Structures are given as structure tokens and as C-alpha cells.
2 protein chains.
Amino acid sequence: MLRTAWDGPLAPAEPRQAGLYAETMNVHSTDLRAALARIVGEPHVLDVPASSPYNHDATIAGGLRGQARLAVRPGSTAEVSEVVKALYALGVPIVPRGGGSGLAGGAVPSPGSVVCSLERMTAVRELSPRTWRMEVEAGLSTAHVHRLARENGLLFPPDPGASEQSQIGGNVATNAGGPHAFKYGATRDWVTGIEAVIAGGEIVRLGGACRKDVGGYDLRALLIGSEGTLGVITAVSLRLIPAPRAAVALVAFLEDQARGCEAILDVLACGIVPAAVDFLDAFTLRCAAGGYPGEVPQQARFALLIEVDGEGEEVRAQQRELREVLDDRCVLLDQPTPRELWRWRDGINGVVAGVRGGKVGEDVVVPVERLADLLEGFAAIASAGGLDSCAWGHGADGNVHANVLMDPGSERDRRAVGRVGDELLDLVVRMGGAISGEHGLGLIKSGQLSRQWGAAALRLHAQAKQMFDPQGLFNPGKKLP
Amino acid sequence: MLRTAWDGPLAPAEPRQAGLYAETMNVHSTDLRAALARIVGEPHVLDVPASSPYNHDATIAGGLRGQARLAVRPGSTAEVSEVVKALYALGVPIVPRGGGSGLAGGAVPSPGSVVCSLERMTAVRELSPRTWRMEVEAGLSTAHVHRLARENGLLFPPDPGASEQSQIGGNVATNAGGPHAFKYGATRDWVTGIEAVIAGGEIVRLGGACRKDVGGYDLRALLIGSEGTLGVITAVSLRLIPAPRAAVALVAFLEDQARGCEAILDVLACGIVPAAVDFLDAFTLRCAAGGYPGEVPQQARFALLIEVDGEGEEVRAQQRELREVLDDRCVLLDQPTPRELWRWRDGINGVVAGVRGGKVGEDVVVPVERLADLLEGFAAIASAGGLDSCAWGHGADGNVHANVLMDPGSERDRRAVGRVGDELLDLVVRMGGAISGEHGLGLIKSGQLSRQWGAAALRLHAQAKQMFDPQGLFNPGKKLP
């Protein structure tokens with residue numbers, strides 16, 4: 001069953017050695033605080049009352065909350081190293097934290113853990129527009145990275161949303177996606193180097209400024225998407241590209257979902273690579289209609305949100321071609337500006353969460369030709385569980401945000417949500433899909449990888465964790481069981 | 001010192017357990033042959049005389065040759081699994097082999113090993129043009145993958161060269177690059193799933209048809225570029241894109257190298273993303289002039305080979321823009337067709353190797369702004385070693401194929417080559433570069449990663465090997481010391 005809350009007052013993850021465990025338990029918070037204050041300075045060791053934002057991330061809409069012991073805000077890689085060294089020696093769990101915009105509970109602290117927030121590490125170590133790259137510290141906001149690129153005529157394509165709040169280190173730690181991952185790939189594809197602090201406070205540098213490097217095994221890739229369970233990412237080297245000179249949007253409103261999914265395949269077949277092909281289902285569309293910069297047709301039950309970018313002439317020609325492909329399938333083809341389109345799209349999560357007071361969102365993927373079957377299957381599962389549901393996502397990637405609405409205070413709703421998630425993941429795996437496309441497993445799906453991976457792969461997975469984090473102190477309970 | 005040959009008659013890599021080692025030594029080749037024949041059938045277990053092609057790869061131009069005990073050609077993943085299981089149980093080293101077109105000795109068998117050639121595994125398991133993907137077995141030639149894509153209006157962008165000979169499994173195992181990696185990325189970026197056989201014959205499947213998947217650690221990425229040292233890749237899922245509708249080429253001949261490297265930065269600055277920006281230095285240009293489809297100007301000492309692809313109108317506009325940027329820096333701006341350009345480019349390796357009878361090519365990377373310094377430094381090092389040298393490569397990626405010419409029969413040349421390689425790698429690391437951009441470490445640079453990586457990263461690297469291959473039987477002596 002999927003988790004919608006810490007199930008009771010969990011003990012801190014047990015360190016492997018009994019001696020260390022005992023030591024942890026014996027470390028008084030006042031001693032711990034003093035030790036950490038010596039490293040980062042008094043003002044940067046914080047109490048974490050139950051209501052503290054350090055106790056949750058964006059899954060708070062589903063009621064998910066943890067309980068950290070303290071939060072620490074190191075100001076440099078050296079300080080992160082010292083903090084990790086101290087906590088590792090004491091056997092205290094460490095929860096690395098970016099902007100807290102995650103949707104899988106990856107930053108929700110386990111009871112008794114220390115949150116290691118990267119918020120003070122915002123330095124731009126290198127910005128080299130002429131060679132299309134930058135190196136920045138992990139705490140820099142995603143929006144800041146975007147702005148730095150844009151101001152220099154460049155683009156950092158990954159756009160996972162909540163960009164003012166989210167931090168680049170968190171994006172890398174979750175391999176964040178977003179609508180434009182269809183054309184440009186997820187965060188992974190833009191990271192050429194990582195600096196991280198691993199077990200015992202050791203600093204590792206994997207990769208760097210070069211765009212190609214096949215000398216060693218790709219350990220950089222292991223850290224990308226590791227959700228803070230292998231170490232603390234402190235800085236990243238990013239590659240950029242020249243900003244496309246033009247972009248246009250197209251919104252196709254269709255009368256039914258099956259036809260909408262078929263239209264996605266038609267878009268793929270026409271030989272254009274759109275920057276993004278998102279979709280909204282009927283329920284989502286109804287909730288979001290009020291915010292649309294135009295008129296949503298009454299009979300619309302599905303919408304495709306398409307962006308094409310590139311050179312000016314090319315982009316207009318592609319827009320015309322897409323109009324031709326989509327025209328007779330739609331009840332309306334609209335052309336908001338890309339800015340209007342994405343502002344609308346970015347608001348959807350909040351609008352939907354407000355309908356019942358809360359929602360729990362799954363993030364799953366299927367091969368794109370199974371999208372219609374998945375959406376239909378999910379609606380049936382949620383309905384059987386007595387819950388309202390809706391879905392949107394990155395259609396051409398087969399990446400679906402499947403949401404069930406709930407009252408966060410209702411025990412009945414919580415149980416039903418768990419069952420729906422369970423059946424949904426089963427369905428996805430039967431379709432040859434993946435249990436998470438871009439949000440990660442975090443806390444809500446920790447331990448669920450066994451649905452998708454075989455025994456030998458799972459054993460390697462456990463060994464990878466062991467290799468980076470022998471005592472299991474980095475973000476315990478996330479990703480892994 | 002870099003290796004230009006197996007240094008004397010190496011023993012097979014020592015299995016970790018003495019018992020197994022003894023067992024290996026006691027396995028008569030006739031017994032081994034019988035055991036393997038029971039799995040793959042008599043005709044697919046082959047003797048490997050000294051002159052056999054199974055004893056070398058494309059480093060034969062530098063005289064590098066190994067000595068396998070037998071070669072086996074399994075016809076299915078199940079057979080690979082059985083073969084690996086049998087060899088692993090006996091402690092016999094296993095050398096996975098693709099097309100043998102590698103330039104780092106990665107497929108040169110260690111003495112006493114069994115070559116596991118994927119040549120019979122050429123099935124196309126899935127070809128789905130409308131969803132832009134295919135799943136193929138590892139032994140399919142790269143050219144075949146390209147043709148399948150092209151016949152369906154699609155493109156598989158990685159183009160590492162020698163495409164009729166090279167196999168897709170080998171491309172994945174080396175994370176092969178090529179000129180178009182500048183725009184499109186290396187092989188890694190196009191692999192969504194891998195099927196592989198690891199220690200003990202276990203089959204693992206990592207990823208699949210979906211373009212996004214963040215459930216588990218990216219173990220798929222560990223296998224990509226692992227050079228056969230972690231297991232045998234048996235099949236891969238690839239993503240494709242619609243073929244660009246047009247492509248044009250541009251060759252810029254310049255009077256000197258420093259100006260040529262500066263011109264690469266000017267190309268980057270103009271906001272266009274060319275598909276490829278290769279370069280040839282003066283010596284290479286002189287050797288290759290005869291094959292150029294046109295006239296190479298007498299005073300040319302450096303050439304840029306540029307391709308732009310995309311929509312027809314856009315491509316012509318970009319070509320005009322690049323001409324404007326490059327015009328007053330060049331002695332000639334020529335416009336062969338892309339096909340003419342790459343046919344010429346593909347022949348260069350062979351032409352240069354023929355000058356002295358042999359050559360040894362290094363494959364290094366530096367941040368692109370250091371390219372001029374690297375080329376100058378390399379020429380000085382080679383010249384101090386009394387060797388002729390030349391360089392070409394993927395300029396905008398900072399990826400240099402630094403070649404020294406040698407007589408493969410000369411002991412003096414061999415020693416000099418080793419010293420030159422040594423100093424070159426030092427220089428590259430001092431410049432913040434990488435010791436291999438796309439060829440891999442193979443045999444010729446095995447164990448050299450310690451120049452580039454720190455102690456903690458190297459420890460993780462060794463643990464990754466241990467985790468996949470506890471007895472150290474997969475391609476021993478390659479990549480790792």
C-alpha cells in the first residue's frame with residue numbers, strides 16, 4: 001500500500017551497528033546542536049517545531065508531514081562535509097533538502113533526523129555564455145538558473161515547475177522533468193558534473209565542465225535521481241544551449257479522451273518534434289477552465305497543450321502543419337502565447353488540490369501508445385474506490401500525473417487513496433510502464449520498485465545504496481523501503 | 001605509461017578465490033569447448049589462432065593483439081546467460097565482443113579468456129516508427145540501426161564511425177560518440193533500456209521502452225560505457241527522432257590553428273546549434289587533401305567541418321549566418337554535400353594510419369576554450385618524443401583524437417608513444433579535461449582514471465565493479481588496472 005503519511009511514530013532508521021544506534025539515542029539534542037553550531041554558526045542551526053516548513057514538502061496537500069530533530073543550513077561544501085561527517089559519526093539520519101517543492105515526500109524528514117538545507121548555497125561558481133555552460137551551487141533556485149541562461153541568450157531547458165521555490169540541487173537529486181522534457185530530456189541530460197558529499201563527509205567530484213567523458217563508470221548518473229539517499233549534492237555543472245528564437249503554442253480541445261490520445265500519436269507521426277505535448281483530462285479541464293486565457297468550449301473533454309520552438313519561420317510552418325493534422329479532430333484549436341499557456345498549466349496543481357481540500361498525485365509512465373488504456377484504467381480504479389480522480393501530464397512521454405482528490409482529515413479517504421495507488425501501479429507495470437516518471441519514489445512510493453524490477457536488478461540497487469551509504473543514514477525511508 | 005601491447009604473456013586475471021583459480025587452470029580447453037558446445041552448438045565454439053580477428057580490434061594499427069582461448073557465439077540471451085554461468089563457475093575470463101571496431105583495445109582478449117561475440121544476436125525485437133523507438137539485440141550493426149530508422153523517416157543520431165562493422169551493443173558498452181554528438185549527444189542519450197547478463201549468468205533488465213523513468217537508481221547508465229567490464233549487454237531499447245528534413249555542410253579552411261580554434265568559439269557565440277563541428281589540423285589536412293571532394297587551398301593549415309540540419313529554410317538561413325561569421329577568417333569556405341563531407345571524414349583514420357605503417361590515437365577532451373592550448377601542447381610533446389603527430393576531432397565538444405605515427409615493429413617508437421601519451425594525459429587533466437571522450441579506456445588506458453578522479457570517487461568506482469562482477473571475470477584488464 002502506498003503511504004499517505006508516516007505510519008505511526010517511526011523510529012529513526014536503524015544504523016547497521018548496534019553501538020552507533022545506542023550512541024545516537026544518547027546524543028542529546030543540546031549536544032548535537034552545539035556540535036553543528038560549531039560548524040555552521042549558531043544562527044544556522046534551527047529548531048523544527050511541528051508546524052515548521054522543514055517538516056514537509058509539497059505533498060502537504062495530501063497531509064504528509066515528518067518530524068525532524070533539527071535543521072542545519074551549511075554555507076559551503078566544506079561545511080556540508082563537516083556536518084555530514086559529524087552526523088555520520090553519531091549515526092544521526094541526514095535529510096538533504098532543496099526547495100521543498102517535491103511531490104513524493106522525498107524531503108519529508110524521518111523522525112529524529114537532521115534536515116540539511118542547501119538554501120544558503122547559492123553561488124554561481126562559473127557562468128560562461130560563450131561555451132554554453134555554468135557551474136552553480138545546489139541551493140540556487142531553478143528560476144535563477146533559467147534567468148541567468150536567458151539573460152545570456154541561452155536556455156536551460158528542464159522546467160519541472162514551481163521554479164521560484166525549487167532548487168537546482170533538488171532538480172538534479174530527483175532528475176526532475178517537466179513539459180519540455182519531451183524535446184529536451186530531463187535534468188539528467190543537462191548535468192555534466194556533480195560535486196557531492198557522501199558517507200563520512202567525503203567530497204566527490206564526478207564529471208565537470210566537459211560535455212563528453214567516458215573514462216569512468218557513470219557514477220554521476222547514479223546520483224542524479226537518487227533523491228538524497230546516496231549523499232548531499234552541493235554543486236552542479238550544467239550545459240546550456242542557445243535559446244530558441246521563437247516559440248508558439250497550440251491548444252487543441254477535443255470531445256473525448258480516446259480521440260485525444262490518438263491525436264498525440266498523430267502529432268508524433270507528422271515528423272515534427274514539439275518542445276512539449278501535455279494533456280489535461282475532462283475533470284482537470286473543468287477545474288482549470290476558469291483560468292484559461294480564452295474560452296474553453298463547453299463540449300471539450302480533453303485538451304492537448306503543445307509548444308513548438310526554434311527559428312521563427314520554421315516554427316510558424318510547424319504550427320501550420322500541426323493545425324492541419326489536428327484540425328478535423330478538434331472542437332477548437334486555440335493559439336495562446338506560450339507564456340499564457342504555461343502560466344495556466346502551472347496553476348493547475350493548486351486548483352485541483354483545492355477541490356476537496358487535498359489530493360494525492362501519482363506520477364506514472366506508460367509507453368505512449370498505452371496512454372488511453374492507462375487513463376481509462378485509472379479512472380475505473382479510482383471510481384471503484386469511491387474517489388474522484390483526474391489526470392494530466394506529459395502526453396507524448398506517456399507520463400501521467402494521476403490524481404485522486406481527498407479530504408486530508410478523512411481516514412477513509414486515506415485508506416482508499418492507498419488502495420487506488422496500489423492498483424494503479426500494478427496496472428502501469430502490466431503495461432510495461434514505470435512507477436515514476438519524474439517525481440521520484442520519495443516517501444510515498446518507497447520500496448515499490450520491486451513491482452517493476454527483477455530480483456537481480458533489485459539486489460544491485462541495494463548494493464548501490466550500500467556502497468554510497470553503508471550506514472543507511474542518507475534520507476532513510478525514501479526510495480528504498 | 002600507456003600500453004601499446006600486452007606487456008609480456010599476462011596470466012588470466014586472477015579470480016579472487018584461490019580455489020576457483022586452481023579450477024580454471026585445471027579446465028582443459030577440450031572440456032571447456034565441450035561445455036560451451038552443449039550450450040551454443042558445436043559450430044559456434046571457435047578456435048582462436050594467433051592471427052584470428054577475435055584477437056584484436058581496430059587498435060591493430062598500433063600492433064595491439066591479445067590471445068583468447070576460445071570464442072563463443074551465443075544465439076540468444078538465454079545462451080549468453082548459460083555461457084556466462086558456465087564460465088563464471090569455472091573462473092574463466094569473459095571478453096564480450098561487438099564489431100571489433102574499437103580504438104582503445106577494449107575487445108582485445110586477455111590471455112586465456114573466452115571471447116563472447118554477439119555477432120549472431122541481430123534480431124529486431126520491436127520497431128515502432130509511430131512511437132519513435134526500437135528494441136534490438138546487441139549484435140545488430142550500427143549501420144543497420146541507422147537504415148531501419150531512415151527507412152521509417154526517423155533518425156538514430158549517434159554516428160561513431162565504422163558503422164557497417166560496429167555493433168549497437170558495442171556502441172552502448174562504450175557510450176560511443178561521433179561528430180553529431182555535439183547536437184544530439186552520445187549513445188547514452190538514446191538508450192532507454194538495457195538487457196544484460198551479469199555475474200553468474202543472471203539476466204537483468206534496466207529501463208525499457210519508456211522515455212522517462214526515475215523509480216530506481218540509474219543502473220542502466222552504469223552499464224553504458226562500462227566497456228564489457230560489468231556484464232554482457234544483450235539487447236537495447238532505443239529512442240529515435242524524426243529525421244531532419246534537410247542538412248547542409250560547410251567546410252572552412254583557415255590559415256592557422258589558433259584562428260581555427262577561435263572560429264569554433266565564434267560559431268558557438270552566434271546562437272546556432274550545428275549538428276557537428278569537427279576539425280582537422282595541418283598534418284591531417286595534408287594527408288587527407290587527396291580525398292577531399294574539391295580543392296584544398298595550398299595555404300590551409302586547419303579546417304572546420306560543419307553540418308547544420310533541420311527544416312529546409314532554417315538550414316539555409318543558418319548556413320548563410322555561419323558563412324557571415326566565418327567568411328573573413330577563412331581562406332576558403334566550401335560547401336560539399338553532407339554525404340561527401342562525411343565520406344571524406346570517415347576515411348581519415350585509415351589514411352593517417354598508412355603514413356608510417358601504424359598510429360596510436362589518443363582520445364581526450366578539454367573544455368572547448370582550451371582546445372588551442374591542448375593542440376599546441378600535444379604537438380610539442382610529440383615532437384619532443386621524436387614522433388610525428390596530428391590531431392582531429394569534434395572541436396565544439398573539445399574532443400581531440402591526438403595521434404602519433406609509428407612503425408608498429410619499432411621498439412623505440414613504442415616506448416616513445418607510451419611517454420607521449422603519458423604527458424598528454426597529464427596536460428589534459430591539468431586543463432580540467434577528461435582522459436577519454438568517446439573511445440573509452442579499454443586496454444590502452446586501463447587504470448589511468450586515477451589521474452582524473454579523486455580517491456573517494458575511485459573507491460566507489462572499484463565498488464561498482466565489485467558489485468556487478470565480484471570475481472573480476474568480465475573483460476579483465478580493461479578500464480580498471
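Modeller: Let's start with A:D309, which has its place in strand β14 (residues 302–310) of chain A; strands here are DSSP runs (E, at least two residues) and helices are runs of H or I of at least four, numbered from the N terminus. This is a predicted model, where local features need pLDDT of at least 70, side-chain atom pairs count only at pLDDT 80 or more, and totals for chains, interfaces and linings use all residues. Residues are numbered from 1 along each chain as its sequence is written, chains are lettered from A and ligands numbered from 1 in the order in which they are written, and side-chain values use heavy atoms, with hydrogens and water left out.

Colleague: Is A:D309 buried or exposed?
Modeller: Buried means under 20% relative accessible area, exposed over 50%, and partly exposed in between, with a 1.4 Å probe and protein chains only. A:D309 counts as buried because its relative accessible area is 5%.

Colleague: Which side chain is joined to that of A:D309 by a polar contact of 2.6 Å?
Modeller: A polar contact is a pair of N or O atoms within 3.5 Å; within protein, one must be able to donate a hydrogen and the other to accept it, and residues adjacent in sequence count only if both atoms are side-chain atoms. At 2.7 Å, A:D309 has such a contact with the side chain of A:Y184. The partner at 2.6 Å is A:K183.

Colleague: How many residues of chain B are in contact with chain A?
Modeller: Contact means heavy atoms within 4.5 Å. Chain A brings 80 residues to this interface, and the number from chain B is 81.

Colleague: Which element gives the largest share of the side of chain A that touches chain B?
Modeller: The rule finds 34 residue pairs in polar contact across this interface, both at pLDDT 80 or more. Elements giving two or more residues to chain A's side include α10 (312–327) and α14 (455–468). The largest share, 10 residues, comes from α14(A).

Colleague: Which residue of chain A forms a salt bridge with B:R188?
Modeller: A salt bridge is a side-chain nitrogen of Lys or Arg within 4 Å of a carboxyl oxygen of Asp or Glu. The rule finds 12 of them across the interface of chain A and chain B. For B:R188, the closest N and O atoms are 3.2 Å apart, and the partner is A:D218.
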